[in-house]
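Here is a predicted model to explore together. Have the sequence and the structure open side by side, and let us walk through them.

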Amino acid sequence: MLSRQNLSTRRILLAWLLVTPVVLWRLLTSVYPFLRTFYISFFDNSPVRRTFDFVGLDNYMALTRDANVDATLTFTLFFTVTSVALQVVLGLAIAELLNQRFKMRNFTRAVNLLPWAMAPIVIATAARWIFHQDYGLINDIIWRLSGERPLWLVNFTTARFAVTITDVWKNTAFLAVIFLSGLQGIPLELYEAAKIDGADGVRSYWYVTLPLLMPLIISMMIFTAIFRVLTFEIVYALTNGGPGTATSLLSYLVYLEGFRVLNFGYASAIAMLLFFIVLVVGVVGYGFLRRAWERL
Amino acid sequence: MNTQLNLKRGIRTTLFTLMVILFMIVILLPIYYIFLTAFAPSGKLFTVPLTYVPRSLAIARFEDIFGALPIARYMLNSTLLATFSTILALTVSLLAAYAIARLNFPGANLVMIGLLASSMLPGTATVIPLFQMYQTLNLMDTLHGLLILYGSALLPITTWVLVSFLRQVPVEIEDAAKVDGASFFPLLWRIVLPVIRPGIATMFLINFIIGWNEFFTPLIFARGAGVKVITMALSEAQVIGARSEFDVSWGNMSAVAILTTIPVFIITLIFQRQIVEGITSGVFK
């Protein structure tokens, strides 16, 4: 009896010993800095002016009056909704494509992964060249088809679409891979049963595939939406948030305030706003997910 | 009747093939365009309309960027950081994953959920205090300082995936070894490691790619040439030989883009299946 208790105490000790490095590493490099960001957001903290003064909610009040923050939130909403919608629809289509039997299927699946493997900063920087008005790839194709050469990165709306298209090109592969795996998990008998009931093709997709994939689709939508809100590189390298503030995102704003203006207090308040949005997306999304599970 | 059916099937196959071709073009053409730009002889870069099949290729831009920037050093740093952050993260994640999957201790779920929650904390919401910490601790512009941050980013997902791999492996083998009196580390090394080697290999590949592609962390924490990485050379290469602010060398940028991309493409094309398994096991299990 005693020895058994000893064994289990030893096992628990060993377990905690084994998880300590991971837990400590994350506490020091993620959890503590996050709490500290919250703390700094109540201070006027600037390494240039050498200040560290408590200002209460001043930074948060300033947020509500900041036109840049307004513009950033507008684009964040546009970018997140448009990009997630396109990625989910295209991801489902590509997954369906890659799930068929055809020659070179394996090669096509590997090609699908290439944008996923490329560095975001490479794609964002190259996209500026690809969207170039006179010599870019996209305008070359549009010009051949229509004789027009749209100014992508100078106009408000087109710049927003340029950022979105670049993001969709890079990240849809990831969703396609996951949806493909979801498709492969659906038992074939269900399709046979649907066929007997007279449903095939589009209708079996609508009545069998989509409902079964729905929890996966919703959880990937949450995940994708969160990462859209956090996007940095594409805006940093493709548009610098411009023209004006048309394509500014919160991460980029934190970077500008924190490391160009060197206004740590205010940048921390923006970072907390960013965290709050991620939290809301997560919580609301989780609600939808639970409802989808219940319906299944 | 039969010919009609055949016709219908023929149309369907043709449509499908067109879709596959369209998909391939959308993915591959931009990559090919970057390649073309990197190898275009100077003077051939700015042509309207574009020439998609070049008559000659030149490596002048690669000579230019290697001449003007410590590209080899950048690539070495990228390799070192990606490799060692991966090894470190895998080692500590394996220890934690073993405890969570096998030792059935109070708090195991808390650790799992805590890791997941901490991975949702945006990097931008932690970067300012980290920057201040790194300045006080003299970790700015050091490879080990970067290594800590690179590794940290990999821990949550790596632990989750390894736990899922461990749970798929039957416990009986380990129990038999325990009866034989094998102590913990030999057990881990000789019994556990061999059976989850596929999981480790998969996470090695994915983590290496993530580390290699890192940009935001070095942008903030690596400012000296000795610790800079290859992704930072993209913007530096654009201004080589520039006469004004608006003079951007797209050829040089493309050359760096090619250098940055080739290693990850090789890994992806060779290990496609393993990578897909890693991505999906993070989501499904």
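Let us begin with the domains of chain B. The C-alpha centres of domain 1 of chain B and domain 2 of chain B are 34 Å apart. Domain 1 of chain B covers 2–58 and domain 2 of chain B covers 69–284, with bounds that come from an automatic or database domain assignment. Their contact draws on six residues from domain 1 of chain B and six residues from domain 2 of chain B; two residues are in contact if their C-beta atoms, placed from the backbone, lie within 7 Å. On the side of domain 1 of chain B that touches domain 2 of chain B, five residues are nonpolar, one is polar and none is charged. In this scheme Ala, Val, Leu, Ile, Met, Phe, Trp, Tyr, Cys and Pro count as nonpolar, Asp, Glu, Lys and Arg as charged, and the others, Gly among them, as polar.

Residues are numbered from 1 along each chain as its sequence is written, while chains are lettered from A and ligands numbered from 1 in the order in which they are written. Since this is a predicted model, local features need pLDDT of at least 70 and side-chain atom pairs count only at pLDDT 80 or more, whereas totals for chains, interfaces and linings use all residues.

What does chain B look like as a whole? Chain B has 13 helices and zero strands, where helices (H or I, at least four residues) and strands (E, at least two) are DSSP runs, numbered from the N terminus. The radius of gyration of chain B, at 24 Å, is well over the 19 Å that the globule rule gives for 285 residues, so chain B is more spread out than a compact globule. That radius is taken over C-alpha atoms, and the rule is 2.2 Å times the number of residues to the power 0.38. Along the principal axes, the C-alpha atoms of chain B fill a box of roughly 80 × 75 × 35 Å.

Within chain B, look at helix 4 (residues 108–119) and helix 6 (residues 143–168), which pack at an angle of about 140 degrees with their axes 8 Å apart. The axes are lines fitted to C-alpha atoms, for helices over the stretch in contact, and angles run from 0 to 180 degrees between N-to-C directions. That makes helix 4 of chain B oblique to helix 6 of chain B (under 35 degrees is roughly parallel, over 145 roughly antiparallel, 65 to 115 roughly perpendicular and the rest oblique). Among the residues in this contact are L115(B) and L116(B) of helix 4 of chain B, and P156(B) and W160(B) of helix 6 of chain B. By class, the contact has six nonpolar, three polar and no charged residues.

Now turn to chain A, whose secondary structure comes to 12 helices and two strands. Read from the N terminus on, the elements of chain A run α-β-β-α-α-α-α-α-α-α-α-α-α-α. Domain 1 of chain A spans 2–29 and domain 2 of chain A spans 62–295, and their C-alpha centres lie 40 Å apart.

Finally, see how the chains meet: 70 residues of chain B are in contact with 69 residues of chain A. Helix 1 (residues 2–39) of chain B gives the most to the side of chain B that touches chain A, with 13 residues. That side of chain B has 55 nonpolar, 15 polar and no charged residues.
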